Amino acid sequence: LTELTQPDPSNRASVGDSPADLQTLANDVIQGDFDQVRRLATRQLVTSADAARRTVLMWVADAPETPVHTEKCILYLFELGANPRAADSNGDTAAHLAARSNHLRLLTLLSFDAKWLQNDNGATPLMEAARTGSWKCAKHLLHLLRQDRFNECKEHGNSKRSELLGLKDRQGRTASELARLSGHSELASYIEREMRLVVDALGEISGLTAQEEADRKELRRLAEAGDSAGLRRAATCDGCDLPDELGRTALMWAAQNSSCGDEALWEQLVQL
């Protein structure tokens with residue numbers, strides 16, 4: 001896992017000559033103003049950094065909320081050569097900053113290999129999400145490792161997944177320990193459950209407790225019955241993602257059921 005988790009010193013972006021232009025471009029991306037981004041962005045500007053070695057991608061990552069049009073702007077930065085593995089003077093990448101600020105939109109656009117690098121303190125983006133209570137980003141990172149194309153279970157079984165989830169920072173703390181130390185006990189328990197799950201060489205998932213399995217079955221029953229009101233009452237931030245052996249959750253079953261089209265239900269679920 002060394003290649004996946006250890007940053008490359010050569011990925012420290014060089015300081016550019018136009019920090020003001022860098023910040024202006026970042027603000028345009030954050031606002032989702034694609035016309036302005038296309039007018040101002042150049043390959044040189046996108047790959048340069050300010051005095052703290054922060055690139056425009058990092059500036060954008062530090063913004064907690066962005067409109068949907070920001071996605072198009074971010075993808076344009078990648079076309080111009082923005083490096084998602086670049087690190088600032090603290091070793092933080094765009095993924096660390098996004099996870100810290102719960103900027104899910106940007107984090108999801110980064111490549112998998114940019115999401116597990118350790119900064120100068122040994123922290124991964126998952127650790128930053130855990131420390132700051134960034135539920136959405138933590139869930140995104142955890143759920144990636146349920147997928148065989150990322151956990152490579154056919155070759156490694158559960159080992160790659162368990163090693164990534166069990167990584168420790170320079171003080172010897174895991175993501176779940178950082179969440180608990182920071183007062184996010186529910187998130188800590190969620191991470192510990194993911195660490196308990198096992199993905200075998202066939203990609204099948206096991207490890208739920210008897211109570212969790214019962215909760216999962218009840219959520220699936222409600223989803224298959226099209227009981228939107230029941231789902232609204234039963235779905236929780238912790239329970240809505242309980243997987244069956246194939247990784248399917250109650251929300252996936254609900255998405256397949258045309259009877260679960262209640263707008264209030266999905267407004268609630270997307271916040272979980």
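## Helix packing, cysteines and a loop residue

Helix α2 (residues 19-31) and helix α6 (residues 70-79) have axes that come within 7 Å and cross at roughly 135°. The model is a predicted one. Angles over 145 degrees count as roughly antiparallel and 65 to 115 as roughly perpendicular, and α2 and α6 are therefore oblique to each other. On the α2 side the contact is made by L25, V29, I30 and Q31, and on the α6 side by T70, C73, I74 and L77. Sorted by class, the contact of α2 with α6 has six nonpolar residues, two polar residues and no charged residues.

The structure holds zero disulfides. C73, one of the α6 contact residues, is in no disulfide, and the nearest cysteine sulfur belongs to C137. C260 is likewise in no disulfide, with the sulfur of C240 as the nearest cysteine sulfur. The cut-off for a disulfide is a pair of cysteine sulfur atoms within 2.5 Å.

| Cysteine | Nearest cysteine sulfur | Distance |
|---|---|---|
| C73 | C137 | 19 Å |
| C260 | C240 | 14 Å |

C73 counts as buried because its relative accessibility is 0%. C260, at 3% relative accessibility, also counts as buried.

T209 lies in the loop between β2 (205-206) and α16 (210-225). Its relative accessibility is 34%, so T209 counts as partly exposed. T209 and A98 are 111 residues apart in sequence, and their C-alpha atoms are 32 Å apart in space.

Definitions and conventions
Residues numbered from 1 in each chain as written. Predicted model: local features only at pLDDT ≥ 70, side-chain atom pairs only at ≥ 80, totals over all residues. Heavy atoms only, no water. Axes fitted to C-alpha atoms, helices over the stretch in contact; angles between N-to-C directions. Helix = DSSP H or I, 4+ residues; strand = E, 2+ residues; numbered from the N terminus. Parallel < 35°, antiparallel > 145°, perpendicular 65-115°, else oblique. Contact = heavy atoms within 4.5 Å. Nonpolar A, V, L, I, M, F, W, Y, C, P; charged D, E, K, R; others polar. Buried < 20%, exposed > 50% of the residue type's maximum accessible area, 1.4 Å probe, protein only.
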